[in-house]
Amino acid sequence: MVERTTADFAETLKAAGDTPVIVDFYADWCGPCRMLSPILAKAVADNKKTFVVKLNVDESPEVAQQYQIMSLPTVAAIKNGKVVDSFVGLRNEAAVKAFLDSATK
C-alpha cells in the first residue's frame, strides 16, 4: 500500500500502465475506512496482480471530486486512467477478493 496526494496521484496511475490500480479513497475520521484497510491489504497481497494506493479525500479533495467520490470508503479499480470497477462501503474479505479477481482478470 502506498499513500498518495493530489501532487503524485496522476503520476502513479500513469506509471502503472496496464496494471489495474486499486485506489482506497478514505478519511482518517471514517471508522469503516479503518476497518477495510487491513482487509484490502491482505486481499491485494494474496492477489499479486495489482497494488493499493490510499488517498485521503480530506487532503486531496481535487482528486476526490475528479472521481466523484460521494461516500466513504470508496474503492476503485483504475486502469489506464479510467475506473473499471468500484464499490462503496465496508466489505468482508470474500467480497474484496471477488472484487480484486474481477478487476485484475
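Colleague: What order do the 5 strands take in the sheet?

Modeller: This is a predicted model. Its 5 strands run in the order 1-3-2-4-5, in an open sheet with mixed pairing.

Colleague: Which are the edge strands?

Modeller: Strand 1 (2-4) and strand 5 (82-88), each of which pairs on one side only.

Colleague: And what does the twist average from one strand to the next?

Modeller: The average twist is 25 degrees per step from strand to strand.

Colleague: Take strand 1 and strand 3. Parallel or antiparallel?

Modeller: Parallel, with 3 bridges joining strand 1 to strand 3, residues 51-56. Within that pairing, V2 sits opposite V53 of strand 3.

Colleague: Now strand 4 and strand 5. How many bridges join them?

Modeller: There are 6 bridges, and strand 4 and strand 5 run antiparallel.

Colleague: What about the hairpin of strand 4 and strand 5? How many residues lie between the strands?

Modeller: That hairpin has 2 residues between its strands. N80 takes a positive phi there, near 55 degrees.

Colleague: On to the helices. Which strands does helix 1 lie across?

Modeller: Helix 1, residues 6-16, lies across strand 1, strand 2 (21-26), strand 3 and strand 4 (74-79). Its direction is at about 165 degrees to strand 3.

Colleague: And helix 4, which strands does that touch?

Modeller: Helix 4 (residues 93-103) packs on the sheet and touches strand 2, strand 4 and strand 5. Its direction makes about 170 degrees with that of strand 5.

Colleague: Back to helix 1. Which of its residues are buried?

Modeller: F9, T12, L13 and A16 are the buried residues of helix 1. Looking down the axis of helix 1, they fall within an arc of 95 degrees, so they line one face.

Colleague: What do those buried residues pack against?

Modeller: The buried residues of helix 1 pack against strand 1, strand 2, strand 3, strand 4 and helix 3 (61-66).

Colleague: And which exposed residues are on the face of helix 1 turned away from the buried side?

Modeller: A7, A10, K14 and A15 are the exposed residues carried there.

Colleague: What follows helix 1?

Modeller: G17 follows helix 1, and its phi is positive, near 60 degrees.

Colleague: Switching to charges. How many salt bridges do you count?

Modeller: The count comes to 5 salt bridges. Take D24 and K54, whose side chains meet at 2.9 Å, N to O. That pair links distant parts of the chain, with D24 in strand 2 and K54 in strand 3, 30 residues apart.

Colleague: Are D24 and K54 buried or exposed?

Modeller: D24 and K54 are both buried.

Colleague: Give me another salt bridge. Which side chain meets D46?

Modeller: K97 does, at 3.2 Å, N to O. D46 is in helix 2 (residues 31-47) and K97 in helix 4, so to speak of sequence, the two are 51 residues apart.

Colleague: Why does D46 count as partly exposed?

Modeller: Because its relative accessibility is 40%, and partly exposed means between the under 20% cut-off for buried and the over 50% cut-off for exposed. K97 is partly exposed too, with a relative accessible area of 30%.

Colleague: Which residues are linked in a network of salt bridges?

Modeller: K42, D46, E93 and K97 are linked that way.

Colleague: Last topic, cysteines. How many disulfides does a search of the whole structure find?

Modeller: The search finds 1 disulfide. C30 and C33 form it, with their sulfur atoms 2.3 Å apart.

Colleague: Why is the disulfide of C30 and C33 called right-handed?

Modeller: Because the torsion about its S-S bond is about 80 degrees.

Colleague: And are C30 and C33 buried or exposed?

Modeller: C30 counts as buried, at 3% relative accessibility. C33 is buried as well, with a relative accessible area of 2%.

Definitions and conventions. Residues numbered from 1 in each chain as written. Predicted model: local features only at pLDDT ≥ 70, side-chain atom pairs only at ≥ 80, totals over all residues. Heavy atoms only, no water. Pairing = 2+ DSSP bridges. Helix = DSSP H or I, 4+ residues; strand = E, 2+ residues; numbered from the N terminus. Axes fitted to C-alpha atoms, helices over the stretch in contact; angles between N-to-C directions. Contact = heavy atoms within 4.5 Å. Salt bridge = Lys/Arg side-chain N within 4 Å of Asp/Glu carboxyl O. Buried < 20%, exposed > 50% of the residue type's maximum accessible area, 1.4 Å probe, protein only. Arc of directions from axis to C-beta. Disulfide = S-S within 2.5 Å.
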